[in-house]
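Please open the structure in a viewer and keep the selection panel at hand.

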Amino acid sequence: MNPDAEHHFHSLDQAVLDGQAVYNKYLLAVYNVTVFRINYPLFWRCPVSSVQRLYNASVGAEHLELGVGTGYLPAHSTFPVPAPRITLLDLNPTTLAVATKRLAKYRTARVRANVLEPLPVPKSAFDSVGLNFLLHCLPGTLREKGVVLAHAAAAARPGGVVFGSTILSSGVPVSVPARMMMRVLNATGVFHNDRDDLGDLRSQLDRHFASHQLIVRGCVALFRARTIR
(Lines give C-alpha, C1' and ligand atoms only; values in the text may rest on other atoms or scores of the structure.)
Protein backbone atom coordinates (compact mmCIF):
# COMPACT_ATOMS: atom_id res chain seq x y z
CA MET A 1 0.00 0.00 0.00
CA ASN A 2 1.19 3.52 -0.80
CA PRO A 3 2.49 4.93 2.51
CA ASP A 4 0.75 8.23 1.79
CA ALA A 5 -2.50 7.56 -0.02
CA GLU A 6 -5.55 9.73 -0.55
CA HIS A 7 -8.92 8.26 -1.39
CA HIS A 8 -11.00 10.21 -3.89
CA PHE A 9 -14.38 10.88 -2.30
CA HIS A 10 -17.19 12.27 -4.39
CA SER A 11 -20.29 12.84 -2.26
CA LEU A 12 -19.36 13.56 1.34
CA ASP A 13 -22.17 14.60 3.63
CA GLN A 14 -21.67 18.25 4.66
CA ALA A 15 -22.01 17.26 8.33
CA VAL A 16 -19.02 14.94 7.94
CA LEU A 17 -16.94 17.71 6.38
CA ASP A 18 -17.96 20.27 8.98
CA GLY A 19 -17.30 17.92 11.88
CA GLN A 20 -13.74 17.07 10.88
CA ALA A 21 -12.84 20.61 9.85
CA VAL A 22 -12.78 21.85 13.46
CA TYR A 23 -9.61 19.84 14.12
CA ASN A 24 -7.16 22.44 12.86
CA LYS A 25 -3.57 22.97 14.02
CA TYR A 26 -4.65 25.39 16.75
CA LEU A 27 -7.14 23.01 18.34
CA LEU A 28 -4.79 20.06 18.00
CA ALA A 29 -2.11 22.04 19.87
CA VAL A 30 -4.28 21.95 23.01
CA TYR A 31 -6.18 18.75 22.22
CA ASN A 32 -4.32 16.38 24.53
CA VAL A 33 -4.68 18.60 27.58
CA THR A 34 -8.31 19.52 26.87
CA VAL A 35 -9.55 16.03 25.98
CA PHE A 36 -7.44 13.73 28.15
CA ARG A 37 -6.95 15.83 31.29
CA ILE A 38 -10.22 17.80 31.39
CA ASN A 39 -13.02 16.29 29.31
CA TYR A 40 -12.32 12.61 29.97
CA PRO A 41 -12.27 12.76 33.79
CA LEU A 42 -14.46 15.81 34.52
CA PHE A 43 -17.24 15.59 31.94
CA TRP A 44 -17.33 12.04 30.63
CA ARG A 45 -16.23 10.48 33.96
CA CYS A 46 -13.88 8.10 32.22
CA PRO A 47 -10.16 8.29 33.09
CA VAL A 48 -7.85 8.15 30.09
CA SER A 49 -6.08 5.26 31.81
CA SER A 50 -9.13 3.08 31.10
CA VAL A 51 -8.86 3.76 27.39
CA GLN A 52 -5.09 3.33 27.42
CA ARG A 53 -5.49 -0.09 29.05
CA LEU A 54 -7.90 -1.02 26.26
CA TYR A 55 -5.27 -0.04 23.69
CA ASN A 56 -2.51 -1.97 25.45
CA ALA A 57 -4.69 -5.09 25.55
CA SER A 58 -5.79 -4.80 21.92
CA VAL A 59 -3.17 -3.36 19.55
CA GLY A 60 -1.47 -5.83 17.22
CA ALA A 61 1.65 -5.96 15.08
CA GLU A 62 -0.29 -4.65 12.07
CA HIS A 63 -2.59 -1.91 13.35
CA LEU A 64 -5.16 0.33 11.63
CA GLU A 65 -6.24 3.50 13.45
CA LEU A 66 -9.51 5.08 12.31
CA GLY A 67 -10.00 8.71 13.32
CA VAL A 68 -6.48 9.46 14.50
CA GLY A 69 -6.72 12.59 16.67
CA THR A 70 -3.16 13.47 17.67
CA GLY A 71 -1.95 9.87 17.77
CA TYR A 72 -1.59 10.12 21.55
CA LEU A 73 -3.07 6.73 22.50
CA PRO A 74 -1.20 4.50 20.01
CA ALA A 75 1.99 6.48 20.78
CA HIS A 76 1.64 5.50 24.44
CA SER A 77 0.58 1.90 23.74
CA THR A 78 2.52 -1.27 24.44
CA PHE A 79 2.65 -3.16 21.16
CA PRO A 80 3.34 -6.91 21.03
CA VAL A 81 6.31 -6.41 18.70
CA PRO A 82 9.17 -3.86 18.72
CA ALA A 83 8.36 -2.52 15.26
CA PRO A 84 4.61 -2.54 14.60
CA ARG A 85 3.23 -1.28 11.32
CA ILE A 86 0.56 1.38 11.82
CA THR A 87 -1.85 2.68 9.20
CA LEU A 88 -3.52 5.98 10.06
CA LEU A 89 -6.83 6.70 8.34
CA ASP A 90 -8.70 9.97 8.68
CA LEU A 91 -10.52 12.51 6.55
CA ASN A 92 -8.58 15.44 8.01
CA PRO A 93 -5.08 15.98 6.56
CA THR A 94 -4.00 18.03 9.58
CA THR A 95 -4.75 15.28 12.10
CA LEU A 96 -3.00 12.79 9.82
CA ALA A 97 0.11 14.97 9.74
CA VAL A 98 0.13 15.51 13.52
CA ALA A 99 -0.42 11.82 14.31
CA THR A 100 2.23 10.73 11.80
CA LYS A 101 4.77 13.05 13.43
CA ARG A 102 3.91 11.75 16.91
CA LEU A 103 4.32 8.15 15.75
CA ALA A 104 7.52 8.82 13.79
CA LYS A 105 9.44 6.08 15.62
CA TYR A 106 7.16 3.48 13.99
CA ARG A 107 6.56 2.45 10.39
CA THR A 108 3.43 4.36 9.46
CA ALA A 109 1.25 4.80 6.41
CA ARG A 110 -1.47 7.41 6.17
CA VAL A 111 -4.68 7.24 4.20
CA ARG A 112 -7.11 10.13 3.78
CA ALA A 113 -10.59 8.67 3.57
CA ASN A 114 -14.13 8.78 4.95
CA VAL A 115 -14.86 5.97 7.42
CA LEU A 116 -18.54 5.97 6.40
CA GLU A 117 -17.49 4.67 2.99
CA PRO A 118 -15.71 1.36 2.26
CA LEU A 119 -12.14 1.76 3.47
CA PRO A 120 -9.42 1.98 0.79
CA VAL A 121 -7.16 -0.44 2.66
CA PRO A 122 -6.55 -4.17 2.10
CA LYS A 123 -9.27 -6.44 3.44
CA SER A 124 -8.52 -8.93 6.22
CA ALA A 125 -5.05 -7.40 6.60
CA PHE A 126 -4.87 -5.99 10.14
CA ASP A 127 -4.37 -7.65 13.49
CA SER A 128 -6.15 -4.77 15.21
CA VAL A 129 -8.38 -1.85 14.25
CA GLY A 130 -8.90 1.02 16.69
CA LEU A 131 -11.64 3.63 16.61
CA ASN A 132 -11.44 5.74 19.71
CA PHE A 133 -13.84 8.63 20.29
CA LEU A 134 -14.88 8.45 16.63
CA LEU A 135 -18.48 7.24 16.44
CA HIS A 136 -19.95 10.12 18.44
CA CYS A 137 -18.42 12.56 15.94
CA LEU A 138 -20.20 10.99 12.95
CA PRO A 139 -23.69 12.03 11.81
CA GLY A 140 -26.67 9.70 12.13
CA THR A 141 -27.85 7.17 14.68
CA LEU A 142 -25.71 4.27 15.82
CA ARG A 143 -27.84 2.03 13.63
CA GLU A 144 -26.59 4.09 10.68
CA LYS A 145 -23.04 4.56 12.00
CA GLY A 146 -22.76 0.80 12.44
CA VAL A 147 -21.44 0.72 8.88
CA VAL A 148 -18.13 1.93 10.32
CA LEU A 149 -17.96 -1.21 12.46
CA ALA A 150 -18.68 -3.27 9.35
CA HIS A 151 -15.82 -1.55 7.52
CA ALA A 152 -13.49 -2.10 10.47
CA ALA A 153 -14.45 -5.78 10.63
CA ALA A 154 -13.70 -6.16 6.91
CA ALA A 155 -10.22 -4.71 7.42
CA ALA A 156 -9.36 -7.02 10.34
CA ARG A 157 -7.84 -10.46 9.91
CA PRO A 158 -9.98 -13.50 10.81
CA GLY A 159 -9.96 -13.54 14.60
CA GLY A 160 -8.62 -9.98 14.66
CA VAL A 161 -9.57 -7.34 17.22
CA VAL A 162 -11.66 -4.23 16.62
CA PHE A 163 -11.79 -1.94 19.63
CA GLY A 164 -12.58 1.57 20.69
CA SER A 165 -14.74 3.86 22.74
CA THR A 166 -17.53 6.36 22.21
CA ILE A 167 -19.51 8.86 24.24
CA LEU A 168 -23.20 7.95 24.57
CA SER A 169 -26.15 10.17 25.44
CA SER A 170 -28.58 7.49 26.67
CA GLY A 171 -28.47 4.11 28.36
CA VAL A 172 -25.52 5.29 30.44
CA PRO A 173 -25.19 7.66 33.40
CA VAL A 174 -24.82 11.21 32.05
CA SER A 175 -24.04 13.91 34.60
CA VAL A 176 -25.52 17.40 34.35
CA PRO A 177 -22.19 18.95 33.25
CA ALA A 178 -21.77 16.19 30.64
CA ARG A 179 -25.30 16.77 29.32
CA MET A 180 -24.63 20.50 29.03
CA MET A 181 -21.32 19.90 27.26
CA MET A 182 -22.95 17.45 24.83
CA ARG A 183 -25.61 20.01 23.96
CA VAL A 184 -22.95 22.55 23.06
CA LEU A 185 -20.87 20.08 21.05
CA ASN A 186 -23.93 18.75 19.19
CA ALA A 187 -25.16 22.28 18.46
CA THR A 188 -21.80 23.23 16.96
CA GLY A 189 -21.56 20.02 14.90
CA VAL A 190 -18.49 18.65 16.66
CA PHE A 191 -20.58 15.79 18.12
CA HIS A 192 -23.53 13.94 16.61
CA ASN A 193 -24.45 11.73 19.55
CA ASP A 194 -27.79 13.09 20.74
CA ARG A 195 -29.41 9.78 19.72
CA ASP A 196 -26.53 7.44 20.56
CA ASP A 197 -27.81 4.73 22.89
CA LEU A 198 -26.00 1.87 24.63
CA GLY A 199 -28.53 -0.67 23.38
CA ASP A 200 -27.99 0.38 19.78
CA LEU A 201 -24.22 0.08 20.17
CA ARG A 202 -24.58 -3.40 21.62
CA SER A 203 -26.86 -4.41 18.75
CA GLN A 204 -24.34 -3.21 16.16
CA LEU A 205 -21.51 -5.08 17.85
CA ASP A 206 -23.66 -8.23 17.91
CA ARG A 207 -24.43 -7.75 14.24
CA HIS A 208 -20.90 -7.29 12.94
CA PHE A 209 -18.71 -9.45 15.18
CA ALA A 210 -18.45 -13.02 16.38
CA SER A 211 -18.06 -11.87 19.99
CA HIS A 212 -17.53 -8.68 21.94
CA GLN A 213 -16.96 -7.17 25.36
CA LEU A 214 -18.63 -3.90 26.28
CA ILE A 215 -18.08 -1.92 29.48
CA VAL A 216 -19.24 1.52 30.59
CA ARG A 217 -17.17 4.15 32.39
CA GLY A 218 -19.26 7.23 33.09
CA CYS A 219 -21.01 8.00 29.81
CA VAL A 220 -18.29 6.32 27.75
CA ALA A 221 -18.72 2.85 26.27
CA LEU A 222 -15.50 0.90 25.72
CA PHE A 223 -15.73 -2.10 23.42
CA ARG A 224 -13.46 -4.89 22.23
CA ALA A 225 -14.72 -7.24 19.52
CA ARG A 226 -13.37 -10.16 17.50
CA THR A 227 -14.04 -11.03 13.91
CA ILE A 228 -14.95 -14.56 12.85
CA ARG A 229 -11.97 -16.88 12.52
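**First stop: Gly 171**

Select Gly 171 together with Asp 197 and Leu 198: Gly 171 touches both of these residues, when residues up to four places away in sequence are not counted. Please note that the model is a predicted one. Gly 171 is placed in the loop that runs between β6 (156–167) and α7 (176–187). Is Gly 171 buried or exposed? Its relative accessibility is 53%, and it therefore counts as exposed, since the term applies over 50%. Cys 219 and Gly 171 are separated by 48 residues in sequence, while their C-alpha atoms lie 8.5 Å apart in space.

**Second stop: helix α7**

From the loop, move on to α7 (176–187). A distance between its end C-alpha atoms gives 17 Å; the twelve residues of α7, at 1.5 Å a residue, should span 16 Å, so the two values agree.

Now colour Ala 178, Met 181, Met 182, Leu 185 and Asn 186, which are the buried residues of α7. Where do the buried residues fall when α7 is seen down its axis? They fall within an arc of 130°, and they therefore line one face of the helix. After α7, select Gly 189, which follows the helix and has a positive phi, near 85°.

Select Trp 44, Leu 64, Leu 66, Leu 89, Val 129, Leu 131 and Leu 201. These residues have the most contacts inside the largest nonpolar core, which has 68 residues. Helix α6 (residues 142–155) supplies the largest share of this core, namely six residues.

Centre the view on Leu 66. Leaving aside neighbours within four places in sequence, the residues in contact with Leu 66 include Leu 89, Val 129 and Leu 131, and also Val 115, Leu 119, Gly 130, Asn 132, Leu 134 and Ala 152.

**Last stop: the whole chain**

Of the 229 residues in the chain, 55% are buried. Among contacts with a separation of 6 or more, 70% join residues 24 or more positions apart. Finally, switch to a surface display: the chain exposes about 10300 Å², of which carbon and sulfur atoms supply 55%.

Notes. Residues are numbered from 1 along each chain as its sequence is written. This is a predicted model: local features need pLDDT of at least 70, side-chain atom pairs count only at pLDDT 80 or more; totals for chains, interfaces and linings use all residues. Side-chain values use heavy atoms; hydrogens and water are left out. Buried means under 20% relative accessible area, exposed over 50%, partly exposed in between (1.4 Å probe, protein chains only). Contact means heavy atoms within 4.5 Å. Accessible areas come from the Shrake-Rupley method with a 1.4 Å probe; for residues, only the protein chains shown count as cover. A nonpolar core is a set of buried Ala, Val, Leu, Ile, Met, Phe, Trp, Tyr and Cys residues joined through side-chain atoms within 4.5 Å. Helices (H or I, at least four residues) and strands (E, at least two) are DSSP runs, numbered from the N terminus. The expected span of a helix is 1.5 Å times one less than its number of residues. The arc is that of the directions from the helix axis to the C-beta atoms.
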